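I set out to record what can be read from this entry, one topic at a time. The notes below follow the order in which I looked things up.

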Amino acid sequence: MSKLKNKQGSAGIFIGLIIVVAIAAALVTALLTNIFERKSEAKNRYVRVVEVTEDTTDPAEWGKNWPKQYDGYKRTALATKTTFGGHGGSEALPEQKINRPELHWLKRMFLGYAFSIDYRDRRGHAYMLSDQEETKRHNVKQSGSCIHCHASIMPVYRKLGDGDAMAGMKKTNKMSYQELNKMAHDMGHGHPVSCVDCHDPDSMAIRVTRPGFIEGIQKLANSDAPVPAIPSIEIWRQGSRSEPYDPNEDSTRNEMRSFVCGQCHVEYYCSSDFPLTFPWSNGLKMEDLEKEWDETKLSNGERFYDYKHKETGAPILKTQHPEFELWSQGVHARSGVSCSDCHMPYMRDGASKVSDHWVRSPLLNVNRACQTCHRKSEQEILDLVDNIQQTNYKLLLRGGEALNDLMDAIMEAKKAGATAEQLNGALEMQRKAQWRLDYIAAENSMGFHAPQEAARILAEAADYARQGQVEALKLLNK
Ligand code: HEC
Ligand code: HEC
Ligand code: HEC
Ligand code: HEC
Ligand code: HEC
């Protein structure tokens, strides 16, 4: 009985085992099929209607495969306006910044430089190439380097460098703007920033392409400047350093969501004198950039300057849109909030998410740009931003007036017969004050990207301007 029971028992176990194995096998097969399906799904996440390659700079071609993103991209041609963002003026051309009465010192501080001729509000990406082609800043001969950030230029760089884009870019500063612009159009690449500039055509992963950025971020990695906003640089520094820091290999996806913008929204210098340069070898803070320029020599051996001020003769540094640098000094960057989080927020599209390729002011889009993280009402958020921007604007105006007074004092001292040598101290103060004032005036967030840092920089601008004024006035009393 007990034996029989045992026999029956082992047969039961045996059958049970078969069932278990069968179920397990079925499960494993199902799992494998599922994994396989997902993998191929990831690979072909997008159905491609057309092939796109490294040479496909026309966004309309990419748009056939990715219509949602292309729709957003096309909207960058629409006009946008907020208190300080977007642009005033007509759709034909944005308003001149240098003609605003409150900013009267802006035009004066650029005297001797093309920015005193034509300097307008920025607008959407769709216009970047045509606005550059039209600016009257071309009254002065501009170098081919300008196109780095205004066209989908990589195939042209590769052609000029026999396949090596970096080498090709290094040739363009010797070419005239018109020559390189014509080449881009003739080769069929006369497009503003395009999909291929931020996406790998095979995998669609975001990536950086611009030689200026790659060289700049490598200089930054090689320095010992703290970069809390870019943790992957710290990790690379602790490694063997046998290969240079490669933003496309060594960074995180989250960092890439800011790097793609850092290809253009940065301080730079270019001229026929030397290739396009991002001044990041000492770090990303305002004075780190200033130090690099102060230590740079022009081909004639003089200390670097962008222009000599037409009235005072001071050797001036012009700042250009340092969004990436100012952002890097703020609490958002430190908290891992990228440019794309605010300027290209996700939109729901059925079950999937699409990044909004209508790159514009996030204040037009607070719901998706800010309220995903900040549990405040839309109005509360707008008020917070307005408070930051108005405070910054007031400081900016004060700095501007201080700089204006400094220039007045220098001119008075000059009239009274002060020599260039005697004026040296005051002129040096003009250089420092103007670099700081312009740093925040040319940055496009009106202080928002790093409010405390912006206030510090403006306080220094006013202080240097007043110190210089005192120096100049002392000469009058002699
Ligand atoms: C936390 C959100 C946030 C992040 C992160 C951020 N921005 Fe902004 N940005 C703003 C706000 C808010 C403004 C002010 C917009 C306005 O005045 O209408 C602004 C303004 C701008 C403007 C001018 C917009 C216009 O309409 O004129 C540019 C250009 C810009 N940011 C670029 C960048 C870049 C590049 C980065 C990354 C390096 C970045 N931003 C990171 C929120 C952000
Ligand atoms: C290839 C260079 C380039 C890249 C890359 C780039 N920008 Fe721009 N961006 C520009 C230029 C140039 C303009 C001004 C165009 C004009 O005024 O005609 C501009 C304008 C803007 C504006 C103003 C829009 C408006 O409606 O006034 C914002 C905001 C902006 N960019 C944010 C970003 C962000 C965020 C990224 C990254 C996701 C980015 N940009 C990537 C060059 C670039
Ligand atoms: C490192 C990238 C970069 C380079 C190089 C560059 N730009 Fe721009 N440019 C930008 C960005 C970003 C903006 C939008 C932000 C702004 O207007 O402050 C812009 C805006 C402009 C505008 C529209 C607003 C205005 O200033 O009137 C013009 C025109 C322009 N650039 C002309 C030029 C010329 C001429 C050169 C060569 C001397 C040049 N750019 C080189 C990035 C660049
Ligand atoms: C200035 C850089 C930039 C340009 C130009 C650009 N993209 Fe993107 N794109 C991004 C960023 C940033 C993301 C978010 C990627 C991430 O988080 O991994 C993205 C995401 C995407 C995605 C993934 C799905 C999604 O929406 O998040 C697709 C597809 C895409 N872009 C298509 C395009 C197409 C098509 C164009 C040209 C019409 C284009 N992009 C132009 C920066 C850019
Ligand atoms: C991905 C999340 C995220 C997004 C998106 C975001 N923020 Fe923030 N924000 C933070 C974090 C984190 C802080 C740091 C302080 C904290 O922990 O609350 C912060 C701080 C701030 C502060 C106070 C700090 C300061 O800069 O002085 C303001 C104001 C602010 N955010 C406004 C905005 C606005 C406006 C937007 C949309 C344009 C925005 N944020 C989008 C996460 C975010």
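Predicted model: local features only at pLDDT ≥ 70, side-chain atom pairs only at ≥ 80, totals over all residues.

**Terms for the first look-up.**

**Helix α8.** I began with α8, residues 177-186, and listed Tyr-177, Leu-180, Asn-181 and Ala-184 as its buried residues. These residues lie on the same side of α8, because they cover an arc of only 100° around the axis. I then asked which elements cover the buried residues of α8. The cover includes α5, α6 (154-160) and α7 (165-172). On the other side of α8 I found Glu-179 and Asp-186 exposed. Just after the helix, I noted a positive phi of about 85° at Gly-188.

**Whole chain.** I counted 21 helices and four strands in the protein chain. Its C-alpha trace spans about 125 × 50 × 50 Å along the principal axes. Of the 478 residues, 38% are buried. I also looked up the range of the contacts: among those with a separation of 6 or more, 68% join residues 24 or more positions apart.

**Confidence.** The mean pLDDT of the protein chain is 91, and 90% of its residues reach 70 or more.

**Nonpolar cores.** I found 81 residues in the largest nonpolar core, and Leu-403, Leu-406 and Ala-465 have the most contacts inside it. For Leu-406 I listed the contacts, leaving aside neighbours within four places in sequence: Met-429, Gln-430, Ala-433, Ala-465, Gly-468 and Gln-469. A second, separate core has 17 residues, among them Ile-153, Tyr-177, Leu-180 and Ala-184.

**Ligand 1.** I counted 29 residues around ligand 1, the closest being Thr-82, Gly-85, Cys-339, Cys-342 and Ser-361. The elements that give two or more residues to this shell are α13 (253-262), α15 (323-328) and α17 (339-343). Which element gives the largest share of the shell around ligand 1? I found that α17 does, with four residues. By class, I sorted the shell into 12 nonpolar, 13 polar and four charged residues.

**Ligand 2.** Around ligand 2 I found 25 residues, of which Tyr-127, Asp-131, Cys-261, Cys-264 and His-343 come nearest. At least two residues of this shell come from each of α5 (128-134), α13 and α17. Here α17 gives the most, with three residues. I sorted the shell into 10 nonpolar, 10 polar and five charged residues.

**Ligand 3.** I counted 23 residues surrounding ligand 3, and the closest are Arg-120, Arg-122, Thr-135, Cys-146 and Cys-149. They divide into nine nonpolar, 10 polar and four charged residues for the shell as a whole.

**Helix α14.** I next examined α14, residues 286-295, in which Met-286, Leu-289, Glu-290 and Glu-292 are buried. Are these residues on the same side of α14 or on opposite sides? They are on the same side, because their arc around the axis is only 160°. I noted that the buried residues of α14 pack against α15, α20 (420-442) and α21 (451-476).

**Lys-318.** My last entry concerns Lys-318, which I located in the loop between β2 (315-316) and α15. I asked why Lys-318 is classed as partly exposed. The reason is that 18 other C-beta atoms lie within 10 Å of its own, and partly exposed covers the counts between the exposed limit of 12 or fewer and the buried limit of 20 or more. Leaving aside neighbours within four places in sequence, Lys-318 is in contact with Tyr-113, Phe-115, Asp-306 and Asp-438. I also looked up the pair Lys-318 and Ala-77: they are 241 residues apart in sequence and 28 Å apart in space, C-alpha to C-alpha.

Methods:
Residues numbered from 1 in each chain as written. Chains lettered and ligands numbered in written order. Near = placed C-beta within 6 Å. Nonpolar A, V, L, I, M, F, W, Y, C, P; charged D, E, K, R; others polar. Contact = placed C-beta atoms within 7 Å. pLDDT = per-residue confidence, 0-100. Arc of directions from axis to C-beta. Core = buried A, V, L, I, M, F, W, Y, C linked by C-beta atoms within 7 Å.
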